[in-house]
Amino acid sequence: MEETNVRFIKFKDDYRHVEGFSNVGIVYTTEGIVIIDTNIDPGLAEQIYKAIRQETSLPIRYMIYTHGHYDHLITANAYLEKGTTIIAHEAVNDRFLKYQKLADHTNRINQIQFQGQLPIRDHNEAVPPDVTFHKTYSFTLGDKTFHLIHGKGETDDHCYVWIPKDKVVYSGDFMISSFPNIGNPLKVNRFEREWFETLEDIQKLQPNALFPGHGSLIQGNRQIMAATQDVVDALKLVYDETSRCLNENRPLEDALEQITLPEHLAKSPYLPQNYGSLDFAIKGTYRRYTGWFSGNPTDLEPLKKLDVAKEYIALIGDKESILDRCRALFQAGEYQMVMHIADVLIFAENNAEAIQLKKMP
């Protein structure tokens, strides 16, 4: 049989975990296999399927989508067999409709967000679920019972999978080995409070193994409790402190300046700010509870940025002095201020040097 390069990370005899752009879970039972999420890479999905077939001839009876982001399900066809049933939360179908309607927009913002590293897939490739549920869904296959529990977090169509026989949780993106991505700049609001509440529900199960949507398997109840508690504490801080700032009528810029992580969370290995970040989470939470208005009346009916920029240049009277100031600020490492000032020339006349200065940081 053809060899594969897939590395199965094993827990006990029946659990396989494959790390990739997103993770794939494989659970063996006495009567068949359950696949939990499928990754975005069709080549990897085909290799995983071949690796499964090298280990067993048991049929793939179920596939579970933990949520509707395409990196977790777009390669479902690689695992589909006759009789395979796909299960997901009921809101996944609405997400598919949105992605199909906004396919060009979705592909464009994903290319920006992931710097061209995310393969563009046809949004019509997504295989819809055969079975959907509202809050919970359970089934038994062979020697294992699977409980699917809905919770909001990175999406509104999310669920985690609990297998009580072996005290195993597949968390999907409730755990992502990064600071929770609450405030994605280009995408819809996410759910900071519901996210930490769902993690608290997972903690009550006292799992001994947690397979995350991204990142490495976490083993041992003590380690799982510590890891999930760091995420819970970070999200609670964002929720509580942002709520305080809102109640005190403080603008977003004050919240960004005042809200900081305590040292143990800033150094947590489960909260690196390499995808989500504290600032993004604060901005996303503000946006969720306040809408788009900044509080400045100028922003209610703003003029075009091009027209405002031309007025600034006319007032200053010397665009070379603007470039001189940008160059000096750039040399001083004041990159954010460079971008603010360079915008005047960029919006007014698409100035090439201003554009280059803005790109450089």
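The second largest pocket of this predicted model is lined by Thr298, Pro302, Leu303, Lys305, Val308, Ala309, Tyr312, Gln336, His340, Asp343, Val344 and Phe347. Two elements, α9 (305-316) and α11 (335-349), each give two or more residues to this lining. The largest contribution comes from α11, with five residues. By residue class, the lining of the second largest pocket comprises seven nonpolar, three polar and two charged residues. The volume of this pocket is about 590 Å³.

The protein chain as a whole contains 12 helices and 13 strands. Along the principal axes, its C-alpha atoms fill a box of roughly 80 × 45 × 35 Å. Of the 361 residues in the chain, 47% are buried. The accessible surface comes to about 17900 Å², and carbon and sulfur atoms account for 50% of that surface. When contacts between residues at least 6 apart in sequence are considered, 66% of them join residues at least 24 apart.

The largest cavity holds about 70 Å³ of space. Its lining consists of His17, Asn23, Val24, Gly25, Ile36, Asp37, Thr66, Tyr170, Gly172, Phe211, Pro212 and Gly213. The elements that supply two or more of these residues are the strands β3 (24-29), β11 (168-172) and β12 (209-212). Five residues of the cavity lining are nonpolar, six are polar and one is charged.

Strand β11, which contributes to the cavity lining, also contains Val169 and Ser171. Val169 has a relative accessible area of 0% and is therefore buried. Leaving aside residues up to four places away in sequence, Val169 touches Tyr160, Val161, Trp162, Ile202, Leu205, Pro207, Ala209, Leu210 and Phe211. One of these contacts, Phe211, is also a lining residue of the largest cavity. Between the C-alpha atoms of Val169 and Lys304 the distance is 51 Å, with 135 residues separating the two in sequence.

Ser171 is likewise in strand β11, and Ser171 is classed as buried because its relative accessible area is 0%. With residues up to four places away in sequence again left out, the contacts of Ser171 are His158, Cys159, Tyr160, Leu210, Phe211, Pro212 and Gly213. Among them, Phe211, Pro212 and Gly213 also belong to the lining of the largest cavity. Tyr160, Leu210 and Phe211 are contacts of Ser171 and are found in the contact list of Val169 as well.

Cys159, one of the residues touched by Ser171, has 0% relative accessibility and so counts as buried. Cys326 is also buried, because its relative accessibility is 0%. The count of disulfides in the model is zero.

Helix α5 spans residues 221-247 and includes Ala226. Ala226 has a relative accessibility of 37% and therefore counts as partly exposed, a class that lies between the limits of 20% and 50%. The C-alpha atoms of Ala226 and Ser268 are 9.9 Å apart, while 42 residues separate the pair along the chain.

Backbone angles were considered at two loop positions. Most residues other than glycine have a negative phi. Lys12, which is not a glycine, has a positive phi of about 55 degrees. Lys12 is located in the loop that runs between β1 (9-11) and β2 (15-18). Asn39, a residue other than glycine, also has a positive phi, with a value near 75 degrees. The loop holding Asn39 lies between β4 (32-36) and α1 (42-55). Asn39 counts as buried because its relative accessibility is 1%, which falls under the 20% limit.

Notes:
Residues are numbered from 1 along each chain as its sequence is written. This is a predicted model: local features need pLDDT of at least 70, side-chain atom pairs count only at pLDDT 80 or more; totals for chains, interfaces and linings use all residues. Side-chain values use heavy atoms; hydrogens and water are left out. On a 1 Å grid over the protein atoms alone, a cavity is a set of points where a 1.4 Å probe fits but cannot get out, and a pocket is an open set with protein on both sides within 12 Å along at least five of seven lines; lining residues have an atom within 4 Å of a point. Grid points are joined across faces, edges and corners, and a volume is the space filled by probe spheres set on the points. Helices (H or I, at least four residues) and strands (E, at least two) are DSSP runs, numbered from the N terminus. Ala, Val, Leu, Ile, Met, Phe, Trp, Tyr, Cys and Pro count as nonpolar, Asp, Glu, Lys and Arg as charged, and the others, Gly among them, as polar. Buried means under 20% relative accessible area, exposed over 50%, partly exposed in between (1.4 Å probe, protein chains only). Contact means heavy atoms within 4.5 Å. Accessible areas come from the Shrake-Rupley method with a 1.4 Å probe; for residues, only the protein chains shown count as cover. A disulfide is a pair of cysteine sulfur atoms within 2.5 Å.
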